[in-house]
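Biologist: Could you put the model up, so that we can go through a few residues together?

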Amino acid sequence: MSTTDTDTATAAATATATATATATPKTVVAFHAHPDDEVLLTGGTLARLAAEGHRTVIVVACDGAMGDATEPGALVRLDELRASARVLGVARVHHLGYADSGHGALLFPDPPDRTRFVRASVDEAAKLLAAVLEEEHADLLLSYDAAGGYGHRDHVHVHDVGARAAELTGVRVLEATVPREPLVRLGKALQTLHILRRYDFSDASWFGSPAAEITHRYNVRRYAAAKQAALAQHGTQLDKNRGGRFFRILVRTPTPLFAALVGRREWYVEPRRPRPSPGTSAGTSPNTSSDSSPGTSSH
């Protein structure tokens, strides 16, 4: 196993011991851009899959550091990711080796010891991800929607790389997303309260997916406490002046309220899967699921 892998045998053993839902455990690989994304987009899904006896693996493209990885404290966010993974019952964490590309208009030069993720070719990064999928004999890949959730350059690149890796391996892929309409309403409300200032919600196309395009709605309410506890492992994000306030509110809010805000459901789009028929509710559509897990639902 490479030095960028972390196997948490205790978490895997616990997940196996608490298996309740499946006769044939699956392996699900969640591909993310940065440490903390695993919680916000798929934390409940990963916790539920592990509790149901599936093997879950997180592959992260970026280490969360903008500068030289040898600087003191540079890789603390990878340590936080590993701590988060243990809370979620994840069996393995693997870093593809790239640096964070940043979110502003300026794309900084590469640090001396590694490439910024967005500068890596899709094929290069996809081959690295495909190697993990093949090594794990993965049944399912969790990636991002075409907008990367909110337009971050690294997130959009995760979508492109994940799609290419799925093509190379033939592994089924579900793209993590959020329903666009309520997200934009919430974002505008948070901006009114001066809690969120960073994003421009005037162009809604950068945020999530239209509700009508979502193919899977996954009930993770029972795992809201685990999702919140995993988020709390990302201390560097909680301490940030810019954006940290929103994280602190999520971590410190009572768990039932956290569940209502961001811990009740997680959403996915399955590429090329037929969309729900007009007039069909999310709870009854044959193309959506709120009870069966992504690891066990039909192709």
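Biologist: What is the mean pLDDT of the protein chain?
Modeller: The mean pLDDT (the predictor's confidence in each residue, from 0 to 100) of the protein chain is 83, and 75% of its residues reach 70 or more. Over residues 6-22 the pLDDT is below 50, although this stretch has 31 contacts (heavy atoms within 4.5 Å) in the model beyond near neighbours in sequence. The pLDDT is also below 50 over residues 279-287, a stretch with twelve such contacts. Where pLDDT is low, the predicted coordinates should not be read in detail.

Biologist: OK, new topic: where does Leu40 lie, and what is it in contact with?
Modeller: Leu40 lies in helix 2, residues 37-51 (helices are DSSP runs of H or I with at least four residues, strands are runs of E with at least two, and both are numbered from the N terminus). Leaving aside neighbours within four places in sequence, Leu40 is in contact with Lys227, Leu231 and Phe247. The C-alpha atoms of Leu40 and Leu231 are separated by 7.7 Å, with the two residues 191 apart along the chain.

Biologist: Which residues other than glycine have a positive phi?
Modeller: Asp36 has a positive phi of about 100°, and His137 has one near 50°. Most residues other than glycine have a negative phi.

Biologist: Where are Asp36 and His137?
Modeller: Asp36 is in the loop between strand 2 (27-32) and helix 2, and counts as buried at 5% relative accessibility. His137 lies in the loop between helix 4 and strand 5 (140-144), and is exposed, with a relative accessible area of 65%.

Biologist: Last one: where does Phe108 lie?
Modeller: Phe108 lies in the loop between strand 4 (92-98) and helix 4 (122-136), and is partly exposed at 41% relative accessible area.

Note on methods:
Residues numbered from 1 in each chain as written. Predicted model: local features only at pLDDT ≥ 70, side-chain atom pairs only at ≥ 80, totals over all residues. Heavy atoms only, no water. Buried < 20%, exposed > 50% of the residue type's maximum accessible area, 1.4 Å probe, protein only.
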